[in-house]
Amino acid sequence: MNTELKRTLRKLFKNPSAILGFTLLIFFTLVAIFAPLIAPPVNPMFPDENGNPMKLDNPYIMPILSWSSDPVAPSKDHPFGMIAGRDIFYGVVWGTRTAFKIGLIVVSASTLIGLIIGSIAGYFGGWVDEFLMRVTDIFLSIPFLLAAMVLTTILGSGLNKVMIAMVIFGWMATARLIRANILQVKEEQFVLAAKALGIKNFIIIVRHILPNTIFPVLVQATMRLGSLVITAAALSFLGLGAPIGYADWGSMLNYTRNYILGASGQAFTYWYTVFYPGMAMVLFVLAWNLVGDALRDVFDPKLK
Amino acid sequence: MTAYIIRRLLLLPLILFGVTLIIFSFTEILGPEKLLSAYVNPNVFDKLSNEDLDKLIEKYGLNDPMWTRYFKWLGGVLKGDLGWSVTAKEPVAQAIKERIPYTIELALYAMIPVIGVGIWLGVAAAVRRDKFLDHFIRIFAIIGWSLPDFVFGLIVLMIFYSVLGWFPPGTMSGWAEEIVKSPEFKRVTHILSIDALINGRVDIFWDALRHLIGPILTISWLWWAYLLRITRSSMLEVLGKEYVRTARAKGVPEKDVIHKHARKNAMIPVVTVAGAMVIGLLSGTVIVEVIFNRIGMGRFTAQAATQLDYAAVLGSVLFYSSVLIIGNLIIDILYAALDPRIRLG
């Protein structure tokens, strides 16, 4: 390990909020990996011939455990309570996987698109640059939530559609960032040398330019991940994302909305229906924001 | 500078053209039958025979190529006709005109606590760097930044409406609505609280404010988080500059160093953020308006988008994009005016 990296890591782990962020992130990763052990995907309502509970075909569809749809307060069997006949604990645990899936897929896909468009614009310049940047301007001129909302509805709702919509309208910041970085690096000696040697443009971009501009992009991607999960949840909340009963924090909160005001006069009766999925989401987003913040501090010491 | 502004203003219609073209081409995915459902009453729609469907599709020209339909729509826009909104049951232009004042009202009132408190917190944190208050404010910021607005909105509703009964959802109370809709109540500005004062109805003014506080609280935390971070880091940068050290060495009182020497220069990047925030407040009220069930552009757009009322969607996109583009232009101009080192071009 080189000393530069060592120093960076030491700096990272001296920062208490970075430690908190990484700890939370590791915690959520473990929950996501061990979801089948923490909340077994079985339905005890339907035992098979040996008396064992039935295995679920799709663990992301929360099993219905009771026919009453009203919330049931937390108990020993259902530590987070139940809503719509489904165990909230199960939804929160498997929802971790959904959150990772949404965040990682949307961030990597939109970053990749941004990387390609930004590299082409920055490296080739001229009218290619002008055209691509005007297209970027146009995409940036539609508020993100609105654009994602419209496109999701047109594509026909559902979690996959939400992700597609967020990728299509989520690449612009990366494209601008990478373009600006490439414009700087382009005139450096090592790039000019590679050009003089007659190396192909594609190879120059991928082998020589991108490795020198990739860190700010990674920091930006980390910082975007949290807010993307929030946007996806907001779309679920508006009824466009995952259907009711899918292990997704946003759609669980959407269903909760009907119960939030509680029975008349007893406002906090159903607190657990909001608290657990809401808390999971806040901590998940917090983890990514803290990590992103810490990475930015390390790579860009100017901002504090 | 003038040339720059003119060039940007000339680009505005081009970008709006691109924006609407993108949204329009996405509606192509739907196909003529789905597009037709926006024109026909849903109860009738299900009973239509295939021949009727074809006839109606023909009548509304939904089989025409996209370009023909797009330019037909564009021609309407240039004449001020944005089409018919199914969700609002009135022309889109009319629906937008009615709802804009409510969103502007919300944004205007939200700006006061957001900008005032946000900057104050940022300066306070920077001045007490790494002290208890600084850590506290930073934690406050990062939680606000991680808190989804719909979760926080639900909590605000739960506490201030369900438990305390202070700030109800909606735009105004039933009794106030009756008075506002009556002919005696003159709508001068169409901004409810201001009109109430003009009409001398202090009770309606308070009622309007009471309904605004919940949404404002919900919006504020997120934007405080954003604004105070920028203020803090900008303030820290300025406090490390030579001229601040000189001022301290000369014996200028610390209070004057912070408020007279440092804060002014630290405010330059904050202006950009504050500007972005004004845009954000105008275009980011979708979720709060839905949660608090308020009349406004945000809820209208959300309804239109979820019910595929695409004439209304296109109209809203046109409105929001204009706000975004003009807002960004104003920020750039302000930025250049405040910081003479910046050249626009």
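A crossing is left-handed if the near helix is turned anticlockwise from the far one by less than a right angle, and right-handed if clockwise. Keep that handy for the exercises below.

This is a predicted model, in which local features need pLDDT of at least 70, side-chain atom pairs count only at pLDDT 80 or more, and totals for chains, interfaces and linings use all residues. Residues are numbered from 1 along each chain as its sequence is written, chains are lettered from A, and side-chain values use heavy atoms, with hydrogens and water left out.

**Exercise 1.** Describe how helix 11 of chain A packs against helix 12 of chain A.

*Solution.*
- Step 1: Two packed helices are described by the angle between their axes and the distance between the axes.
- Step 2: The axes of helix 11 (residues 249–256) and helix 12 (residues 271–299) of chain A come within 9 Å and cross at roughly 150°.
- Step 3: Helix 11 of chain A is therefore roughly antiparallel to helix 12 of chain A (angles over 145 degrees count as such, on a range from 0 to 180 degrees between N-to-C directions).
- Step 4: The crossing of helix 11 of chain A with helix 12 of chain A is left-handed.

**Exercise 2.** Find residues of helix 11 of chain A that meet helix 12 of chain A, and class the contact.

*Solution.*
- Step 1: Contact means heavy atoms within 4.5 Å.
- Step 2: On helix 11 of chain A, the residues in contact include Trp249(A), Met252(A) and Leu253(A); their partners in helix 12 of chain A include Pro277(A), Met281(A) and Phe284(A).
- Step 3: By class, this contact of helix 11 with helix 12 of chain A has eight nonpolar, four polar and no charged residues, with Gly counted as polar.

**Exercise 3.** State how many of chain A's residues are buried, as a percentage.

*Solution.*
- Step 1: Buried means under 20% relative accessible area, with a 1.4 Å probe.
- Step 2: Of the 304 residues in chain A, 53% are buried.

How values were computed. Helix = DSSP H or I, 4+ residues; strand = E, 2+ residues; numbered from the N terminus. Parallel < 35°, antiparallel > 145°, perpendicular 65-115°, else oblique. Buried < 20%, exposed > 50% of the residue type's maximum accessible area, 1.4 Å probe, protein only.
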